[in-house]
Amino acid sequence: MNFTLSQVPDRTAKPREQGITMVMDKGLSPREIEDMLSISTPYIDIVKLGWATSFVTPNLDEKLAVYRSAQIPVYFGGTLFEAFVVRNQFDDYRRLLDRYGLQYAEVSDGSMDMPQDVKCEYIRTLAQQVTVLSEVGSKDEEKIIPPYKWIQLMQSELDAGAWKVIGEAREAGNVGLFRASGEVRQGLVEEILTQIPFDKILWEAPQKAQQVWFVKLLGANVNLGNIAPNELIPLETIRLGLRGDTFTHFLDQDTIQEWKMTPKK
Amino acid sequence: MNFTLSQVPDRTAKPREQGITMVMDKGLSPREIEDMLSISTPYIDIVKLGWATSFVTPNLDEKLAVYRSAQIPVYFGGTLFEAFVVRNQFDDYRRLLDRYGLQYAEVSDGSMDMPQDVKCEYIRTLAQQVTVLSEVGSKDEEKIIPPYKWIQLMQSELDAGAWKVIGEAREAGNVGLFRASGEVRQGLVEEILTQIPFDKILWEAPQKAQQVWFVKLLGANVNLGNIAPNELIPLETIRLGLRGDTFTHFLDQDTIQEWKMTPKK
Amino acid sequence: MNFTLSQVPDRTAKPREQGITMVMDKGLSPREIEDMLSISTPYIDIVKLGWATSFVTPNLDEKLAVYRSAQIPVYFGGTLFEAFVVRNQFDDYRRLLDRYGLQYAEVSDGSMDMPQDVKCEYIRTLAQQVTVLSEVGSKDEEKIIPPYKWIQLMQSELDAGAWKVIGEAREAGNVGLFRASGEVRQGLVEEILTQIPFDKILWEAPQKAQQVWFVKLLGANVNLGNIAPNELIPLETIRLGLRGDTFTHFLDQDTIQEWKMTPKK
């Protein structure tokens, strides 16, 4: 940090198990990646090349090399995994991970119907090859999964070998954990957390209001994902109580009383 | 493409008459153009320097040179044409196109009232000098043009020499083809297509939901415009059925039945 | 300007007292700053490093050096000032301004409760060290300040030594001067202007509709702030009547009658 301020929460350091920030790269050029890294490297834990954007990226090898040189792990979005699976090309997908030297992969069923035991089998198989992130929740606004089912799915996917489970939100943050309006389904999140350890979950939270909500509920070191490259610095200030939205959240009672402030809910 | 996947629609190759992507550059720096080109050149058919942004761009020559070296055609937004016409400076406008060595120009009447015969005369005159794109539809939310009139306007502008007609949407996608909410005026589009060949129309579709809607109705190789630079890679995945929104659209029936999927509407 | 057009309003030149554009930098990398400057330097009067983003910026010195070399003044967002004040570290804040060689600072009370006399005392103290911008209005949607109070606050802060007073809008433009919907509180602005000289106020107007509204009410040379880097070129066209939204605003009556146009409200 550049300045010394009291009452700022501690942040974990890389490599993190808590306080992870996952970036959504939906088509950065190699030089734009360098730009992002030049200012945000300490705050980037892992990068997702969104959905199947890697399929149409002409300079994919070059992009991966830039991330590799900064020691930032990268994985392909779950929709690419699904695109191979739905076409019965799973073996091709495994070869492709090797060809690009990837250490991480995502297993998801956001765009297709996949029986849970089939999904867990994919997790088990891939977990022998790479570190697996497994995504729970549909990209379809109309598929509402009840809380007990979210818990069951998350638990069985962790048991099958997933390193983290991801709560689905899409790039726009309007499905899965969120209502179509972008509002967090609060009861759902609280119920999940009664059963699944909070450091095993990576919450997709692309919108600022969602990031604020998770930091207020779970603290500076909550795992958050689908963060846009130009929101990395802003997110870090939200985590530290240094943006208006979380300004009073980490202040002690004496400070609040001294200034007669009404802390924000 | 980096990987081999079955059931992915064929895309046309440059120079395209169908499947065109027109980019909206509303103030990129020369190096930002290089960044965009380094990752998206195969997917960029033509670039519009939005409205009259070229008027206030200090390094316009340098920008045009970057596009020229990548053999990407560029044109000035229709609002610049209108700004000259409304001031009775049309001859200045023609000289300006020559001075900057432009091969394309847009004729529009989105910000001013222009009798249709006057507009067609401008198209005829400019078509002797450059390739003309002609825009139909008002930037004014309150001007509703009925479908038969859209068809009549488009036909007469093609007859006057326009290479393509553009369906107006503005940068934000909330007028013309779209309701103020951004929703597509579906009946309008379908009626237009009964009379005007689909490869003669370039649909402005800046929002993702609009791009998805056109790809589902008209296929991977629909002409789309006003695409933001950082949405070029995402749009290409939408065209190919490799984003959640169009994931099932290009899959064959056997695949869909094998996975018991309900294709999205 | 690249082309010669009649009926385009005169713009003031740097250093400006009227027609100021203040940019919101919420985490640009040094090279992204260079990109912005390469195309927008004539239109940038002053840059704010948004809220406390400077706290978490690893290469802050390098960023400041890029701005310095382009002779663009920079200041830290008011939330950083408040973060020091609320922790009783105001003296640290003053030292920090010196350490980074800053010539400007913002005093605000958007995230904390601060008696007006205390705020004015901070302005008086800082005004001996730097040029002070003072922000009026809360970041809290629920705190509605009546117009007479806005005027009183602005006047007393100018009297205390502020160079300009800033009308608060946040990054998203949904509080203070604006309703939660982003709509301008028009009566408020008009009443303020009966008492406070318009060149002493810098209006935060991050959304396009807000920029258009201020230009139509107050002309090309209104002071506007919280402008995103990629909206600088677009804003300049709005100021000059060269975007659809302000296209008819600066045209003379003869032109409007010649084309039988209905000027936009």
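**The interface of chains C and B**

In this predicted model, putting chain C and chain B together buries about 3300 Å², and carbon and sulfur atoms supply 57% of that area. On the residue level, chain C brings 36 residues to the contact, while chain B brings 40 residues.

Now for the polar side of things. The salt-bridge rule picks out three salt bridges across the interface of chain C and chain B. B:Arg31 takes part in a salt bridge with C:Glu34, where the closest N and O atoms sit 2.9 Å apart. Counting polar contacts between chain C and chain B gives 16 residue pairs, with both residues at pLDDT 80 or more. On the side of chain C that touches chain B, the elements giving two or more residues are helix H1 (30–40), helix H9 (232–239) and helix H10 (253–258) of chain C. H1(C) is the top contributor to that side, giving five residues.

One residue of chain B is worth a look of its own. B:Ser54 lies in the loop that runs between strand E2 (46–49) and helix H2 (60–69) of chain B. Is B:Ser54 buried or exposed? With a relative accessible area of 1%, B:Ser54 is buried, because buried means under 20%. Apart from neighbours within four places in sequence, the contacts of B:Ser54 include B:Leu49, B:Leu60, B:Phe76 and B:Leu80 from chain B. From chain C, C:Asn2 and C:Phe3 are also in contact with B:Ser54.

Then there is the symmetry. Chain B goes onto chain A with a rotation of 120° and 0.0 Å of shift along the axis, at an RMSD of 0.0 Å. This is how a three-fold axis relates its copies. Within chain B, B:Glu32 has the C-alpha nearest the axis, 5.0 Å from it. As for the surfaces involved, 3% of the contact residues of chain B recur in chain A, and the copies use different surfaces.

Technical notes:
Residues numbered from 1 in each chain as written. Chains lettered and ligands numbered in written order. Predicted model: local features only at pLDDT ≥ 70, side-chain atom pairs only at ≥ 80, totals over all residues. Heavy atoms only, no water. Least-squares fit on C-alpha atoms with pLDDT ≥ 70 in both. Contact = heavy atoms within 4.5 Å. Buried area = accessible area lost by both parts, 1.4 Å probe. Salt bridge = Lys/Arg side-chain N within 4 Å of Asp/Glu carboxyl O. Polar contact = N/O pair within 3.5 Å; in protein donor to acceptor, adjacent residues only side chain to side chain. Helix = DSSP H or I, 4+ residues; strand = E, 2+ residues; numbered from the N terminus. Buried < 20%, exposed > 50% of the residue type's maximum accessible area, 1.4 Å probe, protein only.
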